[in-house]
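Thank you all for making time this morning.

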Amino acid sequence: MQGKSVLRAVSLVLIGLFFLFPLFWVFLMSFMTNADILRNPPSVIFSPTLHNYGALISGNLGTVVGTQKIDYMLNLFNSFVLSSGSVILSLILGVPAAYAFARFKFRLGEDMAFTLLSFRFAPPLLVLLPLLIYFQQMGLYDTYFGLIWVYQLITLPLVLWIVRGYFEDVSEDIELAYRLDGHSWLQTFLRISIPLARPGIAAAALLSFIFAWNNFIFALILGSSSVQPVTVGALAFITASGIEYGQIAAALVLSIVPTLILALFTQRYLVEGLSLGAIKG
Amino acid sequence: MAFLEITGLNKAFKGHAIIRDLSVAVEKGEFLVVFGQSGSGKTVLLRLIAGMLQADAGDVRLDGQSLLGVNPEYRDIGMAFQNYALYPHMTAFENIASPLRSRNVPEDEVQKRVHDTARLLRIDHVIDHLPRALSQGQKQRTALGRSLVGRPAVLLLDDPLRNVDAKIRYEMRLELPRLLRSFESTVIYVTQDYKEAMALGDRIAVLVDGTFQQVASPHAVYDAPNNTRIARLFGDPPINLLSVRPAGTAHGLTMRIADTMVALPQTDEALVGRECMLGIRSENVGVSLESTSGIPVTIDAITPLNNRLVMLLRCTDGTEVFASCPQGGPLEGLRGRHQAWADFDLAHALFFDTNDGARL
Amino acid sequence: MPNPAAATMAVSHAKRRSGARMARILPYLLSLPALLTCIGILVPFFSAVYYALQRYNLAFPAGRKFIWLDNFVQLFLSGEFWHTITISLLYTALTVGLEMLLGLAIALLLWRRSFVTNLLSVALILPLMVAPEIASLMWKLMTNANFGILSYFVSVIGIHDFRWASAPQSALFTVVLVDMWVYTPFISILLLAGLRGLPRQPFEAAELDGVPTSFVFFRIMLPMLLPYMLTAGLFRMLDSIQQFDIIYAMTQGGPGNTLMVFQIQAYLQAFTFTNIGRASAILVVLWAITFALSKVFMKNWLRLRERAHGLA
């Protein structure tokens with residue numbers, strides 16, 4: 001019995017170490033100077049510096065060959081625009097559809113929901129290649145709107161399937177009661193159905209934001225540096241900043257902090273969101 | 001013309017008829033109880049009247065106007081739901097105020113009418129609570145208040161006492177008629193409880209298999225049910241149904257019940273020689289421990305029920321018959337099997353067709 | 001004489017009676033925007049299929065022509081594509097297999113609630129919320145030959161000059177490790193939710209009866225957990241077979257063509273060789289695989305979903 005609980009404790013520590021150490025270490029690196037980073041053996045004792053973050057925020061990066069201007073902040077800003085824009089568009093498109101899908105059992109709704117879902121699992125490049133050609137013809141290449149529209153591929157199924165589950169849980173009797181009180185369908189939808197499904201809508205919105213934020217391939221293909229989010233920006237940044245490892249670490253930290261904070265808020269809904277509502281968390 | 005008129009209503013789901021050819025006329029201010037067991041189509045009927053579902057055929061007319069295709073919000077119908085259907089994110093006050101808000105009633109009048117209604121229903125002390133902070137009885141009263149406050153032309157009450165505890169149910173059964181009369185509402189009240197139906201209704205509409213098989217006063221439904229199905233639904237213990245074949249003799253009609261010939265007070269010639277079902281309620285079966293001219297039986301079991309004693313009798317041919325009598329008689333405290341004699345009060349006998357169960 | 005009151009009555013009547021018609025078209029009206037988005041996705045999909053049947057190279061626009069299944073025939077005749085298939089399947093099998101094992105182990109360890117396990121189950125969410133591509137960059141920093149902390153660790157235990165993703169021998173191992181870091185928590189969290197949703201009685205009964213732990217595990221728990229494992233496993237398979245972000249960020253398919261999985265190969269064909277036709281053909285093959293997998297997945301997923309919503 002004793003040996004068993006020791007084994008259990010050791011396993012828990014190892015698991016914690018494996019999953020948290022990389023985050024911890026990169027976080028530490030982001031406060032190190034290059035000299036601290038290159039020290040052998042590595043040490044967790046060093047005098048922390050905010051220089052790396054300062055350089056990133058000002059956009060003037062010190063490299064071996066001199067100062068270089070890199071607008072990593074623009075990438076962060078783009079991530080915010082793209083993610084928020086995608087979430088808003090997804091809610092506008094998805095919430096009414098989720099309601100229709102939950103309330104009225106109709107063929108088209110079923111087909112639609114499954115088409116969207118099946119493309120959630122299709123290789124993204126398959127759709128992106130033709131889209132790149134179309135977008136260049138239509139002038140949507142390298143625009144926020146074009147990217148936000150493509151992001152619906154990830155965020156819309158999420159909204160549709162999570163919110164649908166919550167609408168299904170809203171009692172039809174409550175809606176009927178409100179109608180009989182003399183309110184129109186739209187008033188009932190806005191004042192009863194939506195508020196009652198709000199936890200689901202909030203969860204879907206937060207999760208969609210995270211998923212959109214973490215997307216890489218869409219913007220890699222359909223945008224150039226002016227609209228690219230941090231995921232694509234970080235890769236370019238590594239190439240550009242060369243061996244300024246502290247700055248790279250700081251850039252990575254900046255790119256994950258927003259989603260990590262959101263994740264801590266959404267952990268209650270996470271299971272449901274990750275499994276598209278297949279398992280209620 | 002009646003105030004609320006439902007004619008030839010039909011509704012099917014996936015080819016399965018739920019409501020078939022249902023008609024009824026309700027007078028203004030009437031209290032109509034719709035009685036039916038679960039699965040009889042009550043919920044669908046209410047939804048058709050409320051406008052949540054569209055009928056396949058037939059019409060619902062209110063004060064002469066057809067309600068076909070009219071949205072629920074324009075129907076002037078109030079409804080209290082079995083599960084209350086309160087708005088969980090609004091206080092009891094806002095729940096009750098909802099019908100007034102939709103009509104842009106001025107704030108001071110909303111305040112007045114909601115508080116008046118709440119006082120009448122004795123929930124004014126919890127008026128600022130959210131539904132989750134209310135007891136079952138308070139929820140039920142809030143739901144009732146919401147359906148009443150707008151003084152709708154027709155009030156639909158969907159088994160409103162189903163989910164409240166026995167005490168409140170009893171109180172409300174006494175209180176509801178008075179309350180509803182004060183609102184001068186035309187009421188359609190749905191219940192699964194025949195006693196509730198008998199206690200509350202001006203008339204009872206018996207819903208069986210999606211249609212009203214009888215619409216009549218509580219007395220008429222009990223004393224003269226249209227068929228055996230209705231007869232069985234009312235009464236506890238259920239009505240006794242025995243196969244008989246009345247015969248004509250010089251002294252009038254007679255028939256054989258469990259090897260004993262009994263005379264019938266009725267002189268309906270149509271019954272002569274006809275195979276039919278005799279229906280007789282337990283309270284019309286007298287039991288005596290002394291030998292009488294009655295039918296010899298064995299008392300198999302005795303159990304008290306609502307101030308009465310209910311007995312299961314077994315006739316000589318094995319036929320089982322329920323009898324009941326007021327408590328406190330010589331039968332009180334009897335244990336085990338006993339030889340006895342049963343007297344059928346055939347003045348209250350009902351006769352039904354053996355095949356379709358219709359009353360003759 | 002015209003009656004104004006009657007006229008307003010008629011108007012309000014028309015409005016009152018919109019009910020039935022409205023009820024019929026409302027679902028379509030509500031889902032129209034999402035439907036248009038759907039069509040917006042289907043159009044490029046069919047375009048891709050169309051491209052796959054063409055000789056279509058952006059460098060030689062004049063040579064564009066319809067060649068039916070030629071792209072596919074050439075693909076299957078080339079060793080390069082078979083390498084892509086092999087490495088993609090290997091990657092999928094390794095990641096899904098290892099993540100399932102580790103994920104199940106973690107879920108079982110965290111099953112019993114305590115302060116530590118609750119803390120750890122929150123901590124597990126963190127890697128999952130890091131963009132896979134950013135996670136790869138983090139691991140790149142940690143496996144750097146000059147200063148990487150992991151390179152230092154392996155040198156401490158006596159393995160010198162371990163080159164992680166830059167050596168063909170260890171590249172697959174490295175990306176699988178990163179994939180595990182990112183996605184194992186997904187499986188753990190799903191299985192943990194499944195475990196916590198299991199009915200208590202069978203386990204209590206087994207404990208009372210003194211049934212051996214191994215029997216409880218293999219005969220009671222695993223069968224009950226199977227639908228969750230199937231859903232999680234299929235979900236991960238669908239992601240793994242089309243992995244792009246991690247491999248692209250770590251090695252861009254290299255070293256050489258060591259990690260040339262489907263989407264990396266297609267990316268290379270499209271953007272380095274501007275061969276849209278061939279790239280599309282590769283993607284169509286990949287799509288066929290994912291489509292079949294997603295059919296199986298959705299069947300399972302729907303069943304679990306119904307259970308979660310208490311419909312079944």
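Chain A is divided into domain 1 (2-54) and domain 2 (73-274), with the bounds taken from an automatic or database domain assignment. This is a predicted model, in which local features need pLDDT of at least 70 and side-chain atom pairs count only at pLDDT 80 or more, while totals for chains, interfaces and linings use all residues. Residues are numbered from 1 along each chain as its sequence is written, and chains are lettered from A and ligands numbered from 1 in the order in which they are written.

In chain A, the C-alpha centres of domain 1 and domain 2 lie 33 Å apart. Their contact takes ten residues from domain 1 of chain A and eight residues from domain 2 of chain A, where two residues are in contact if their C-beta atoms, placed from the backbone, lie within 7 Å. On the side of domain 1 of chain A that touches domain 2, at least two residues each come from helix 1 (2-29), helix 2 (34-38) and helix 3 (51-58), helices being DSSP runs of H or I, at least four residues, numbered from the N terminus. Helix 1 of chain A gives the most to that side, with three residues.

Turning to chain B, its domain 1 spans 4-233 and its domain 2 spans 240-353, and the C-alpha centres of these two domains lie 40 Å apart.

Chain C, finally, is divided into domain 1 (4-52) and domain 2 (69-308), whose C-alpha centres lie 41 Å apart. Here four residues of domain 1 of chain C are in contact with seven residues of domain 2 of chain C.
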